[in-house]
Amino acid sequence: MARSNFWLPASSLLFLLFLLHRSSVAAQNSSASLWKTLKGDAPVVVANGGFSGLFPGSSPDAFNFALISSSPATILLCDVRLTNDSIGVCLQNLKLDNCTDIASYYPQGQKNYLVNGVLTKGWFSVDYAKKDLVNVTVTQGIYSRTGRFDLNSYPIFSVEDVQEQIKPSTLWLNVQNDIFYRQHNLSMRSYILSVSKKVIVTYISSPEVEFLRSLVTNFQNSKTKLVFRFLGEDITEPSTNQTYGTLVKNLTFIKTFASGILVPKHYIWPVTSDDYLEPHTSIVIDAHKEGLEIYAGDFVNDVVIPYNYSYDPLAECLSFIDNGEFSIDGFLTDFPVTPSEAIGCFSHINKSSIDHGKPVVLSHNGASGDYPDCTDLAYKKAVDDGADIIDCPVQVTQDGKLICMSSINLIDDTTVAQSPFRSRTSNIPDLQSTTGIFTFNLTLEEIQTKLKPFISNPEITYNLVRNPRSKNAGNFLTLSDFLSFSKDKKLSGILINIEHAAFLAENVGISITDGVIAALNDAGYNNQTTIEVIIQSSNSSVLVKMKQQTKYKLMYRIDESIRDAAASSITDIKKFADSVAVDKESIYPDSQDFIINETNLVKTFQNAGLQVFVYVLKNEFLSQAWDFFSDPYVEINTFVKGASVDGIITDFPASARAYKRNSCRNLGTNLPSYMQPVQVGGLKQLIIAQAQPPALPPMPLLEDNDVAEPPLPPVSPLNPSTPAPPPNQGNVTPTAQPSGVPRILSAPSALLRTSMLAILGSLIFA
């Protein structure tokens with residue numbers, strides 16, 4: 001049986017979703033004067049092989065999904081490869097073994113060919129007729145991305161198949177290796193001229209000068225645009241024997257045979273060897289002066305982008321179109337939803353506006369995605385980035401001082417393991433299962449003067465690190481410093497997190513709750529109404545005491561994933577809390593990063609009069625389910641518009657604030673498809689049964705006995721200047737930062753994700 005028929009159910013569902021959800025409204029700013037493109041039009045989005053960031057590139061679902069999830073004007077790009085019977089097929093790699101399962105059908109088909117002078121081993125289309133490939137199916141060519149759709153048995157599409165079955169409004173054909181095909185007695189020029197009589201081709205691109213020059217006469221009076229594609233600066237263009245770095249300096253020559261250029265994005269924004277941006281070049285302005293449109297490529301969400309963007313791919317897109325000086329004419333991307341959002345909803349907005357309405361943006365250890373947790377720099381950036389509320393997790397030092405630190409274990413967020421204090425280790429099972437060097441093992445002066453902060457890296461397992469140039473930047477703040485810093489800022493509130501209160505009272509001789517109350521009183525927060533004070537804890541005993549002794553708002557943090565809450569537990573929570581913080585999985589449970597369903601937890605709490613905050617949102621693509629496209633805005637939007645949470649707790653307040661400012665939030669029924677929440681479980685439905693992720697074990701129900709706790713114990717009469725309990729001696733090495741529920745990978749996939757630093761999330765729109 002031919003395997004190619006197995007893709008039909010999934011693609012049929014995808015096409016149905018396409019008919020139901022494709023928006024006819026393009027939420028783009030219609031004022032041409034705002035766009036600094038060549039003609040003043042909004043930039044275009046070119047989907048590289050369709051939505052190839054998720055589905056196998058050039059597969060039917062990849063093409064269809066690009067049209068569903070992105071701007072209605074999205075252009076589909078097909079990389080054309082010729083078979084030996086001169087049929088043009090859409091495949092993302094010259095080597096078929098890098099994008100299909102051909103080796104399974106022709107195990108002896110591997111050949112060695114010269115490609116632009118380089119001996120290349122693999123399976124090639126020139127060795128097969130189209131009919132020979134009828135059972136061969138396209139697969140994901142980047143192994144760090146999910147391979148679950150490979151078993152959908154997507155057929156290889158010809159250019160005509162794309163036109164007839166996908167029916168894109170605009171088609172872009174990219175032609176590479178024309179010289180290689182000529183060496184095999186095949187004419188790409190003849191094929192392009194032939195197919196253009198049957199298929200409307202709007203763009204033809206190639207990195208080969210002579211190939212494009214051979215087409216100029218044929219297309220000079222047509223609407224088809226010829227685009228010269230630049231490769232790496234050091235690569236030699238085969239027909240001129242000049243490097244692309246040399247050719248880019250002669251755009252006047254390029255203009256003689258092309259109406260546009262396509263460049264790698266680093267031609268515009270160069271990047272240093274340690275992944276930071278350099279000043280932009282003049283290439284966009286130079287191209288426009290020559291009358292050339294300029295498109296930029298290599299936009300993908302699941303690789304490390306320059307640290308200046310804080311793992312925010314939409315922020316990267318905006319730097320190419322909304323920087324006040326220039327705008328590219330289009331993006332070539334594996335993730336067309338992200339530039340669609342940037343163009344349609346996030347460009348030319350008022351970046352200074354502050355709105356403390358929903359969703360409330362609550363920082364997590366300050367802007368901890370950019371600077372070390374709870375440092376002055378992290379808090380300053382959180383404020384500058386527009387956080388509504390900034391937070392201080394309070395810890396106690398050996399001399400009884402209160403300090404803002406994300407962990408009671410100094411190994412987690414300081415350089416203590418490399419300091420002379422590394423011998424002050426303690427083994428305290430009540431706090432954690434491993435040894436640590438705890439805040440109460442050092443004095444405030446020792447922490448502030450002898451240690452440096454260390455930035456959190458929750459995805460360090462996959463070599464994803466945060467802002468390495470500033471990994472030890474900033475200064476630790478006492479609680480009093482934090483309160484003084486916050487008082488005159490444009491914030492709606494501050495949050496003080498209190499944990500381990502019972503342990504500290506019994507074993508260290510400190511009442512952390514009394515210390516927090518005293519610090520707030522000393523700073524005058526008990527006599528003001530401008531900035532709201534929220535006390536957060538995962539211990540009901542802490543919140544009960546704070547409710548008895550203060551009038552501050554109280555947030556109960558549920559520190560496990562739950563499917564729902566029993567009525568009795570909610571009754572208990574309402575006795576001491578105004579809001580709850582729940583983790584992401586409690587709202588959208590996922591199995592191996594595919595969202596399975598949505599719980600009723602948010603509605604349950606909100607119906608009881610409790611606000612719901614979700615934690616912790618991060619920009620790193622590894623932190624997101626596949627359904628969110630490796631795009632933090634898709635995730636934020638789904639929690640806000642899909643789950644209707646009241647607030648989000650995030651390491652990256654800048655992205656959350658940008659979401660709150662986007663111009664599409666109030667479009668109502670005219671909301672474009674790329675700004676709608678995902679359809680829960682929709683992506684999973686497109687996976688055939690054999691490749692489905694495993695079923696989840698039932699998550700627990702929150703019961704009243706999970707909430708109820710005995711009152712905080714009285715403070716033991718200990719000398720707080722004496723470390724308690726006595727430390728164990730020994731060296732300690734830094735531990736990896738916790739990252740929530742780990743991803744479950746097959747061994748090959750795990751290795752490739754680690755080495756390639758890439759992953760993908762994806763989206764089905766409701």
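**Disulfides and helix packing in the predicted model**

Counting the bonded cysteines along the chain, the disulfides follow the pattern 1-2, 3-6, 4-5. The structure is a predicted model, and the number of disulfides found in it is three. A disulfide is a covalent bond between the sulfur atoms of two cysteines.

One of these bonds joins Cys-78 to Cys-90, with an S to S distance of 2.0 Å. The torsion about this S-S bond is about -105°, so the disulfide of Cys-78 and Cys-90 is left-handed. Cys-78 belongs to strand β2 (residues 75-82) and Cys-90 to strand β3 (residues 88-90), so the bond ties together parts that are 12 residues apart in sequence. Cys-78 has a relative accessibility of 1% and therefore counts as buried. Cys-90 is likewise buried, because its relative accessible area is 0%.

A disulfide also joins Cys-345 to Cys-664, again with S to S at 2.0 Å. The torsion about the S-S bond is -90°, and the link of Cys-345 and Cys-664 is left-handed. Cys-345 is located in helix α13 (residues 337-346), whereas Cys-664 is in the loop between α23 (653-661) and α24 (682-685), so this pair ties together parts that are 319 residues apart in sequence. With a relative accessibility of 0%, Cys-345 counts as buried. Cys-664 is buried as well, at a relative accessible area of 1%.

The remaining bond to be described joins Cys-392 to Cys-404, where the S to S distance is 2.0 Å. Here the torsion about the S-S bond is about -100°, so the disulfide of Cys-392 and Cys-404 is left-handed. Distant parts of the chain are linked by this pair, 12 residues apart, with Cys-392 in strand β17 (residues 389-396) and Cys-404 in strand β18 (residues 402-404). Cys-392 counts as buried because its relative accessibility is 0%. For Cys-404 the relative accessibility is 0%, so this residue also counts as buried.

Cys-374 takes part in no disulfide, and the nearest cysteine sulfur, which belongs to Cys-404, is 6.1 Å away. Cys-374 has a relative accessibility of 0% and counts as buried. Cys-99 counts as buried too, with a relative accessibility of 6%, under the 20% limit.

The buried residues of α17 pack against β17, β19 (493-498), α18 and α19. In helix α17 (residues 501-508), the buried positions are Ala-501, Phe-503, Leu-504, Ala-505 and Val-508. An α-helix has 3.6 residues a turn, so residues three or four places apart point the same way. Just after α17, Gly-509 adopts a positive phi of about 75°.

Two packed helices are described by the angle between their axes and the distance between the axes. For helix α18 (residues 512-522) and helix α19 (residues 540-549), the angle is about 40° and the axes are 11 Å apart. This angle makes α18 oblique to α19. The crossing of the two helices, α18 and α19, is right-handed. On the α18 side the contact is made by Thr-513, Asp-514, Val-516 and Ile-517, and on the α19 side by Val-542, Lys-545, Met-546 and Gln-549. Sorted by class, the contact of α18 with α19 consists of four nonpolar, two polar and two charged residues.

Ser-540, within the range of helix α19 (residues 540-549), and Asp-706 are 166 residues apart in sequence, while their C-alpha atoms are 9.6 Å apart in space. Asp-706 is part of helix α25 (residues 704-707). The relative accessible area of Asp-706 is 36%, so this residue is partly exposed. When neighbours within four places in sequence are left aside, Asp-706 is in contact with Tyr-556, Glu-560 and Leu-701.

Technical notes
Residues numbered from 1 in each chain as written. Predicted model: local features only at pLDDT ≥ 70, side-chain atom pairs only at ≥ 80, totals over all residues. Heavy atoms only, no water. Axes fitted to C-alpha atoms, helices over the stretch in contact; angles between N-to-C directions. Helix = DSSP H or I, 4+ residues; strand = E, 2+ residues; numbered from the N terminus. Parallel < 35°, antiparallel > 145°, perpendicular 65-115°, else oblique. Left-handed = near helix turned anticlockwise from the far one by under 90°. Contact = heavy atoms within 4.5 Å. Nonpolar A, V, L, I, M, F, W, Y, C, P; charged D, E, K, R; others polar. Disulfide = S-S within 2.5 Å. Buried < 20%, exposed > 50% of the residue type's maximum accessible area, 1.4 Å probe, protein only.
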